[in-house]
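Subject: Handover of a structure, with notes on its aromatic rings

Hello,

Here is the structure I promised to pass on.

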Amino acid sequence: MGRPGLNRRHILTGLGGLTVAGSLGFAALGTGADALASDASTRVRYWNLFSGGDGYNMIAMLDAFRKARPAIDVKDSTLQWGNPYYTKLAMAASGSRAPDLSVMHLGRVAGFAPGRLLDPWDTELLARYGIREEDFNPALWKRAVVDGKLYALPLDIHAQLTFYRKDVLKKAGLLGDDGRIVPITSTKEWFDALRAAKKATGRGLQTIGIHANDQNFAWWFFVTFYAQLGGDYFDPAMTDVVFDEDRATEVLEFLRRHVTDGYAVAGAADAEQFMNGSPFVWEGNWSVPVYSGAKIEYGASPLPAVFGRQATHAESHAFVLPHQSARGGSANEAAHELAAYIVKNAVAWAAGGHIPAYTPTLVSAAYRELTPQSEYVSAMDHQATEPKAWFAGSTGTLAARIGPVVASSNLGSTKPAAAAHRMRNVLEQLLAMKNPMDGRTAAQGGTA
């Protein structure tokens, strides 16, 4: 039997909770012109969701490509981050209006109906431009493959980190001779460190910011520590939930203790407190430019391995080829060349805190000189990711449904054991649901 037909109405209905009307009125903030550049013979239409510092870094990389490849005119458009972006991209791909190239969080690829809304990459063409599988972390590359085909080209990973104030940790005796935080290998060592740091912290400041009431951060931190305990969510066939409530409860109790023991204040301005002298904050690596700009002495390392196994939550920005009914020709080849160029020349991108996916960049002298980026580069080898399913990924259904449950445990409105049981119920419900993009459950395809 064939899969159900996909059209704008299906997508609008399936994405019912989104502000779709607003997504249709995006301002496209591109640097390209409507007419081909004077020396160009080919145009690449490129959509991304990068704003702020990331946006400036991406524009700089695009300008470098334009200078190096004047025959290719890049028409770039920056759209609103999050679900509005994905709604517009899905509608464009289903309505024969898709750009030649776009950016997507890697965790969203499985849910974007690969083969229907995404076209696979031509790996031979990528190889012509210097992109080979062996130049990427194996686990990261595997996440980009669906049904045996490459549907995403990883640009980076962005990981959750422990940011720490070196001035406070030095007073607390928590700074090693190398100027970095002392190793933490157990929950006891972690809470001992928090206790020592609290004594060295100025009055009116929390010891650590964990974004206790934020559903996204709550979920990301849970993913980290549940992975450290070896926990899983579904069986390989995606037919059964194997979520371990006991391990989940242990993680939830650990997170909750930061609040009950007085180290974290729910609702506090975590980043601002850190810049004002709070010794710790758990935050994504995208905060590196913010803290570096604040001119404070700080370091950043992967989240502590409190359960004895290194793992820290990570997502990835990746390039994808939105479906075009007649993909091919010079524009498609130029899209491959553009993506390969940016992936291979991502030192500028790393300045924004992201860890480049391209291994030769990771081992380059230019990257190793970046601080604190070089301190947390090991996160690439210890990624804790969401399950590979249509409902997962950044701003996806899984985070929206399960993040509030974790946050409720953090805040004390739900006991950890009860929250773990609710999480299992959510996972069972999601496993039975059908992907609005193609009408299939996770077990029916697109995740292998």
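This is a predicted model: local features need pLDDT of at least 70, side-chain atom pairs count only at pLDDT 80 or more; totals for chains, interfaces and linings use all residues.

**Aromatic pairs**

The structure holds 35 aromatic pairs. Take phenylalanine 65 and tyrosine 341 to begin with. Their ring centres are 5.2 Å apart and their planes stand at 70 degrees, so the pair is edge-to-face; the cut-off for that label is over 60 degrees. The pair links distant parts of the chain. Phenylalanine 65 sits in helix H3 (residues 52-68), while tyrosine 341 sits in helix H13 (residues 329-344), 276 residues apart. Phenylalanine 65 is buried, at 0% relative accessibility. Tyrosine 341 has a relative accessible area of 18%. That counts as buried too, because the limit is under 20%.

Now phenylalanine 222 and tyrosine 226. Here the centres are 5.2 Å apart and the planes are at 20 degrees, so this pair is stacked. Both residues belong to helix H9 (residues 215-228). They are four residues apart, about one turn of the helix.

**Charges over rings**

Which residue lies over the face of phenylalanine 191? Arginine 257 does, at 3.8 Å from the ring centre. Elsewhere, arginine 108 lies over the face of tyrosine 86, at 4.3 Å from the ring centre.

**Helix H9**

H9 deserves a look of its own. At 1.5 Å a residue, its 14 residues should span 20 Å. The end C-alpha atoms are 20 Å apart, so the two values agree.

Is H9 enclosed or open? Twelve of its 14 residues are buried, so the helix is largely enclosed by the rest of the structure. Among the buried residues are Phe217, Trp219, Trp220, Phe221 and Phe225. Ala218, Val223, Thr224, Ala227 and Gln228 are buried as well.

Check both ends. At the start of H9, a side-chain oxygen of aspartate 214 comes within 2.9 Å of the backbone nitrogen of asparagine 216. Just after H9, glycine 230 has a positive phi of about 80 degrees.

Best wishes

Key: Residues are numbered from 1 along each chain as its sequence is written. Side-chain values use heavy atoms; hydrogens and water are left out. Rings of Phe, Tyr and Trp (its six-membered ring) pair if their centres lie within 6.5 Å; planes under 30 degrees apart count as stacked, over 60 as edge-to-face and the rest as tilted. Helices (H or I, at least four residues) and strands (E, at least two) are DSSP runs, numbered from the N terminus. Buried means under 20% relative accessible area, exposed over 50%, partly exposed in between (1.4 Å probe, protein chains only). A charge sits over a ring if NZ of Lys or CZ of Arg is within 6 Å of the ring centre and within 35 degrees of the ring normal. The expected span of a helix is 1.5 Å times one less than its number of residues. A polar contact is a pair of N or O atoms within 3.5 Å; within protein, one must be able to donate a hydrogen and the other to accept it, and residues adjacent in sequence count only if both atoms are side-chain atoms.
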